[in-house]
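Welcome! Have a look at the sequence and the structure below, and then let us walk through some of the details together.

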Amino acid sequence: MTGFLLRRAVGAVLVLFALSVVVYAAFYVAPGNVAQIACGPRCSPAQVAQVSAQLHLGDPLYLQYAHFVEALFAGRDYSTGTGVQHCPAPCLGLSYQSDQQVTRLILAKLPATASLVLGGAVLWVLLGVGTGILSVWRRGRPTERILTWITLAGMATPVFVIGLLLIIVLVTALQILPFPDYVPLTDDPEQWAWNLLLPWISLALVSAAPYARMTRAAMLETLAEDHVRTFRAYGVSERVLVRRHALRGALAPVIALGALDVGAMFGGAVLTESLFGIPGICRELVDAVKNVDLPVVVGLVLVTGFFVVLANAVADVLQALADRRVVLA
C-alpha cells in the first residue's frame, strides 16, 4: 500500500506541474499586450513599460514561468500602474479589474462552491445507489422498468431545466422552499442548509442517474457469478446476497465515479451557480473570462485542475481500500 500511495502521489505532482505549464503558456503567451491589459486602458506608455518590467515580460518564456512558480512559493511584488503591491505566497497574481490578490478572491468564493458540490454529492450518491439497489431488488418487475426510464430521463435533462422546474413548483407554486440566498455555514448553519437544499436537489436529480445504472450493472454482474449461485443453491436469502455480496461488488466503481464527479464539479457547476445566484468560483471564472482578467482565469483554472487531480488520487486510494486487487495492479 505504501508503494501504491507513493506512485499515486508522484503521478499527481507531475500532472499538476504539466497543468501549470499548459495553463501559463495558453494564457500568457496568447496574442495581446499583457502589460497593457494589466495596467488598464488609461495608462501611459511609460506606465505600461513599468508594468511590463515588473512582470518580467521581456524575459525568455522559461524565465517568466520560473517567476510565476516562484510567486507560488515565495510571493512576488506587482505593479498596479501607480505603485507596487506585495502578494504573499501562495501568490496567483493580482486581479486586473480590482487589484485584489487572486488567492484571497478564490478563498472567499471557494466555500460557496464547496458547500454546493459536497452537499449535492451526498444526495446524488445516496439517491443513485439507492435507486440502483431498488432496481436490482425489483428486477423483472414493473418497478425496475419505471426506475430505468426515470434514470434515463435524468441523464438526458440539463440541470437548468430541472432547476427551473423545481423553482416553479417548490418555490413559486407550493412555496415549500425559499429561493436560494447563500448564507455562509459559519454564520447560520440552519439557513446555510435550508438555502442550499434546492440546488442540492437539482444536482442530485441530474447526477444520480449514472450511479443508479452503474450500481445496477455491477450488482447484477456480481449476482451472476458462480460463488453467488452456489450460495443461492444452499438456501441463502436474496436479501443477504444483495447486501453482503452484490452491493460490496458495486462499491469500487461507485467510489471512483463519485470522487471524479466531485472534482470535476468544482469547475463545472457554472449553470447551477448562475441559476441559483450562488457566489462561487464557477461564476467568478465566467466573469473573469468576460473581463479578460488573466490572473483570475489562470488561478481558477489551476485551482479547479488541482481539485480534479486530487479527486483522482482520492478515488485511487478509496478503490484500493475497497478492493485490495487494485494495489497489485
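## A buried charge and its partner

Glu284 is buried, with a relative accessible area of 16%. Keep in mind as you read that this is a predicted model.

Which side chain does Glu284 meet in a salt bridge? The partner is Lys109, and the N to O distance is 3.9 Å. Lys109 is partly exposed, at 25% relative accessible area. Glu284 belongs to helix H12 (residues 281-290) and Lys109 to helix H5, so this pair ties together parts of the chain that are 175 residues apart in sequence.

How many salt bridges does the structure hold? There are two. The other pairing to look at joins the side chains of Arg229 and Asp226, with 2.2 Å from N to O. Both of these residues lie in helix H9 (residues 226-233), where they are three residues apart, about one turn of the helix. Asp226 is exposed, with a relative accessible area of 53%, while Arg229 is partly exposed, at 44%.

| Residue | Relative accessible area | Class |
|---|---|---|
| Lys109 | 25% | partly exposed |
| Arg229 | 44% | partly exposed |
| Asp226 | 53% | exposed |

## The whole chain

Now step back and take in the overall picture. The chain has 13 helices and two strands. Of its 329 residues, 41% count as buried. Taken along the principal axes, the C-alpha atoms fill a box of roughly 85 × 55 × 35 Å.

## Cysteines and a cis bond

A disulfide is a covalent bond between the sulfur atoms of two cysteines. How many disulfides are counted in this model? The count comes to one disulfide. Cys87 and Cys91 form this link, and their sulfur atoms are 2.2 Å apart. The cut-off for a disulfide is 2.5 Å between the sulfur atoms, so the 2.2 Å of Cys87 and Cys91 meets the rule. The link between Cys87 and Cys91 is right-handed, with 115 degrees about the S-S bond.

Are these cysteines buried or exposed? Cys87 is buried, with a relative accessible area of 0%, and Cys91 is buried too, at 1%. Another cysteine, Cys282, also counts as buried, at 2% relative accessibility.

While you are in this part of the chain, look at Pro90. The peptide bond that runs from Ala89 to Pro90 is cis, with omega near -5 degrees. Pro90 is placed in the loop between strand E2 (84-87) and H5.

Next, find the largest pocket, which has a volume of about 590 Å³. It is lined by 20 residues, and those closest to its centre are Leu72, Leu92, Leu302, Val303 and Phe306. Which elements give two or more residues to this lining? They are helix H1 (2-28), helix H4 (61-74), helix H5 (102-137) and helix H13 (294-322).

A nonpolar surface patch of about 790 Å² is made by Phe160, Val161, Leu164, Leu165, Ile168, Val169, Leu174, Ile176 and Leu271. Which helix gives the most to this patch? Helix H7 (residues 159-173) does, with six residues. One patch member, Leu165, has its place in helix H7.

Gln175 is found in the loop between H7 and helix H8 (189-223). Its phi is near 55 degrees, which is a positive value in a residue other than glycine. Gln175 counts as exposed, at 63% relative accessibility.

Leu257 and Met214 are 43 residues apart in sequence, and in space they are 9.2 Å apart, C-alpha to C-alpha. Leu257 sits in helix H10 (residues 238-268). At 19% relative accessibility, Leu257 counts as buried, because the cut-off is under 20%.

Key:
Residues are numbered from 1 along each chain as its sequence is written. This is a predicted model: local features need pLDDT of at least 70, side-chain atom pairs count only at pLDDT 80 or more; totals for chains, interfaces and linings use all residues. Side-chain values use heavy atoms; hydrogens and water are left out. Buried means under 20% relative accessible area, exposed over 50%, partly exposed in between (1.4 Å probe, protein chains only). Patches are made of residues with over 30% relative accessible area and no salt bridge: like charges are joined within 9 Å, nonpolar side chains (Val, Leu, Ile, Met, Phe, Trp, Tyr) within 5 Å. Accessible areas come from the Shrake-Rupley method with a 1.4 Å probe; for residues, only the protein chains shown count as cover. A salt bridge is a side-chain nitrogen of Lys or Arg within 4 Å of a carboxyl oxygen of Asp or Glu. Helices (H or I, at least four residues) and strands (E, at least two) are DSSP runs, numbered from the N terminus. On a 1 Å grid over the protein atoms alone, a cavity is a set of points where a 1.4 Å probe fits but cannot get out, and a pocket is an open set with protein on both sides within 12 Å along at least five of seven lines; lining residues have an atom within 4 Å of a point. Grid points are joined across faces, edges and corners, and a volume is the space filled by probe spheres set on the points.
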